[in-house]
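Dear colleague,

I am passing on the structure below, followed by some notes on what turned up in it. Please read the notes with the structure open beside you.

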Amino acid sequence: MRTCQDPSINSTLHAAMNRQTLSNGPARVGIGGPVGSGKTALIEQLIPIFSNRGNEIAVITNDLVTREDAKRLQQSGLLASERVVAVEAGACPHTVIREDPTLNMQAAELLERKFENLEVVLIESGGDNLASTFSLDLVDYWMFVIDTSEGDDIPRKRGPGIVQSDLLVINKVDLAPYVGADINLMVKEGQEVRDGKPLALTNCKTGAGIQEVADHIINNVLFS
Amino acid sequence: MIQITDVLGHSHDSKLSSRLHDLSHQNKVEYIVLDHPNLQRRRFRVKTDRGTDCAISISRETRLTNGAVLLLESDRAIVVKMSKDRWLSLKPNDIPSAIELGYFAGNMHWRVKFKDECLHIALESPEDIYLDRLKDFFIQGKIVRANHD
C-alpha cells in the first residue's frame, strides 16, 4: 500500500483507494454478542478511527423493542444522527440478522442510497446467548463480542458465535482480576475452538486493543 | 493484491472454457477454494492456491459458485472451487429418536440433509464440537454413526 508521512494525506489516500471498490457498495460489518458485552462501546471507539482515515461510516442498531443503542450513538456526537438507523426486531434480535435479515438489508440499502460515498456500515445486534450469528447475505465480515465478566468459561462453551465469527473480541480485560477471570485461559481456549481464526482483547473504555479490531476490518473488507 | 469486482462467467461457458483449457495446460489457472458457507460471501480477502492475494468485492446480487471465473488474462486465470462438504452421518435407532434428533439439529441451526434413513449434518466447525453436543444421544443409544457416500 502506498503511504506518506503526512497523516492527512494518508487518510485521503486510504479513502480514494477504497472508493475504487465502491461500485459494489460499502462494506457491511456485523458486531454481535450478548447484551452488555460492549458492542455499542466498541462502535463508539471504532467510529473515530474510520473517520480519521477518511472513511464514511453509518451504523444500524438492532434492539428488541426499543431504540436505546441508536439513541446512545445519535447523542454521542460521533457521527451525524441521520447516519444511525435503528431496527426494532420485535423478537430476539438474532432472528433479523440470521433467519430473515430483510429488515437490516433494507436499512443498509437505505443508508447506501442516502450517502453515496458510504464505505462502512456497522450492524450491531445483541442476542441473549452464544448462538447468535450473522447471515453472510447481510454482512461481509462479522465479529462476536464477549467480556471477561461473563466468566472465563465462555470460549470453551463453543457457541456458534464464538466458533464461527470472523473475529472474536474479548472485551473488559480490565475487569478480569475483579471477577476472577483468567484471560490467558480465555485466549488459549478461544484459539483452540476457532480453528486458527483471530481474536482480539479490548478495553472499550480506554480504547486498548481497538486499533487491532479496526485493522482486521480494514484488512479484510476495506482492502488497505 | 488483485481486486476482483465481478464474476466473468462459469468455467463451462463456451466463451471461457477453451481459454481456461489452454491456460490449464500451461499450469496458469489458480483456484480459490471455498467451503459452502464462505461461498455466500460477496466481499472478502482470500489467497489462491498459489498464494495470490485477492480482494473480492462483487455486487450483492451476484453469487459465487463452484466454477465461477473471476480473472481471465493472457497469462493467468482465477477460478472458484468449492471444497467438498464434510458430513457427520447419524442413524437413529427408532422413530422417537429420529424425531428428537431432527428437532435438536434444527434447534442448533445445523445444515442437514436426509438420505437412506440417516440424518447427515454438514460440518462447518471441527467434528468434535458436533459430537460433544450429541453426546447424550450416543450415551442413551438413540443414534449410531453411519457412513456417508
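**Notes on the contact between the chains**

Asp137(A) is partly exposed, with a relative accessible area of 23%, where buried means under 20% relative accessible area, exposed over 50% and partly exposed in between, calculated with a 1.4 Å probe on protein chains only. Please keep in mind that this is a predicted model, in which local features need pLDDT of at least 70 and side-chain atom pairs count only at pLDDT 80 or more, while totals for chains, interfaces and linings use all residues. Residues are numbered from 1 along each chain as its sequence is written, chains are lettered from A and ligands numbered from 1 in the order in which they are written, and side-chain values use heavy atoms, with hydrogens and water left out.

Asp137(A) forms a salt bridge with Arg42(B), at 2.9 Å from N to O; the term stands for a side-chain nitrogen of Lys or Arg within 4 Å of a carboxyl oxygen of Asp or Glu. This pair crosses between chains, from the loop between strands E4 (120-125) and E5 (141-147) of chain A to the loop between strands E3 (29-34) and E4 (43-47) of chain B, helices (H or I, at least four residues) and strands (E, at least two) being DSSP runs numbered from the N terminus. Arg42(B), at 7% relative accessibility, counts as buried. Asp137(A) also meets Arg63(B) in a salt bridge of 3.2 Å, N to O, and Asp137(A), Arg42(B) and Arg63(B) are linked in a network of salt bridges.

A further salt bridge is formed by Asp166(A) and Arg41(B), whose closest N and O atoms are 2.7 Å apart. Asp166(A) lies in the loop between H5 and strand E6 (167-171) of chain A, and Arg41(B) in the loop between E3 and E4 of chain B, so this pair joins two chains. Both Asp166(A) and Arg41(B) are buried.

Taken as a whole, the count between chain A and chain B is six salt bridges, and 27 residues of chain A are in contact (heavy atoms within 4.5 Å) with 23 residues of chain B. The area buried between the two chains, that is, the accessible area (1.4 Å probe) lost on putting them together, summed over both, is about 2300 Å², of which carbon and sulfur atoms give 38%. In chain A, Asn24(A), Arg158(A) and Phe223(A) lose the most area to chain B, together 32% of what that side buries.

With best wishes
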